[in-house]
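Student: I would like to learn how to read a protein model feature by feature, with the general idea first and then the case in hand. Could we go through one together?

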Amino acid sequence: MSTHLDAFLPLIAPLLSGHSDLATGSRLAHAPRWCAAPKREIISRLYNLLLRTVLSARFGDAQCGFKAGRAEVIRALLPEIKDNAWFSIPNF
């Protein structure tokens, strides 16, 4: 796992307090324990740069790390996902 389980509670705390609707963790945060091969690291960082510049994303690591969201927000977002390949929508 690219994100240690110690990061789980800090991830969900803003959701539980009502401060946030969605949260993401990152392997690029303070002192990561995971190291990628140089080619993979370059591709990952370029992809993240693309997300920030083209889509104005305010997060820095979309591929790895934890993702969490309040159930009602996730339920509203899931019908908007368009993917016939590998993404499956879980039953809540």
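Student: Among contacts between residues at least 6 apart in sequence, what share joins residues at least 24 apart?

Tutor: A contact here means heavy atoms within 4.5 Å. In this protein, among contacts between residues at least 6 apart in sequence, 60% join residues at least 24 apart. Before we go further, please keep in mind that this is a predicted model, in which local features need pLDDT of at least 70 and side-chain atom pairs count only at pLDDT 80 or more, while totals for chains, interfaces and linings use all residues. Residues are numbered from 1 along each chain as its sequence is written, and side-chain values use heavy atoms, with hydrogens and water left out.

Student: Which helices and strands does the protein have, and in what pattern do they follow along the sequence?

Tutor: Helices (H or I, at least four residues) and strands (E, at least two) are DSSP runs, numbered from the N terminus. By that reading there are three helices and two strands in the protein, and along the sequence they follow the pattern α-β-α-β-α.

Student: How do I read burial, and what part of the protein is made up of buried residues?

Tutor: A residue is buried under 20% relative accessible area, exposed over 50%, and partly exposed in between, using a 1.4 Å probe and protein chains only. Of the 92 residues in the protein, 21% are buried.

Student: Which residues of α1 are buried, and where do they lie around the helix?

Tutor: In α1 the buried residues are Leu11, Ile12 and Leu15. Looking down the axis of α1, these buried residues fall within an arc of 75°, so they line one face of the helix; the arc is that of the directions from the helix axis to the C-beta atoms. The face turned away from the buried side carries the exposed residues Leu9, Pro10, Leu16 and Ser17. The cover over the buried residues of α1 includes β1 and β2, and just after α1, Gly18 takes a positive phi of about 85°.

Student: What does Leu15 touch?

Tutor: Leu15 sits in helix α1, which runs over residues 8–17, and is buried, with a relative accessible area of 8%. Not counting residues up to four places away in sequence, Leu15 touches Ser20, Asp21, Leu22, Ala23, Ala68, Gly69 and Arg70. One of these, Gly69, is 54 residues from Leu15 in sequence, but their C-alpha atoms are 6.8 Å apart in space.

Student: How many salt bridges are there, and which side chains meet in them?

Tutor: A salt bridge is a side-chain nitrogen of Lys or Arg within 4 Å of a carboxyl oxygen of Asp or Glu. A search of the whole structure finds two. In one, the side chains of Arg70 and Asp21 meet at 4.0 Å, N to O. Arg70 lies in the loop between β2 (67–69) and α3 (71–77), and Asp21 in the loop between α1 and β1 (22–24), so this pair ties together parts that are 49 residues apart in sequence.

Student: How does the length of α2 compare with the span it should have?

Tutor: The expected span of a helix is 1.5 Å times one less than its number of residues. The 17 residues of α2 should therefore span 24 Å, and its end C-alpha atoms are 24 Å apart, which agrees.

Student: Which residues of α2 are buried, and which are exposed?

Tutor: Glu41, Ser44, Asn48 and Leu51 are buried in α2. Down the axis of α2 its buried residues fall within an arc of 90°, so they line one face of the helix. On the other side of α2, the exposed residues are Pro38, Lys39, Ile42, Ile43, Leu46, Thr53 and Val54.
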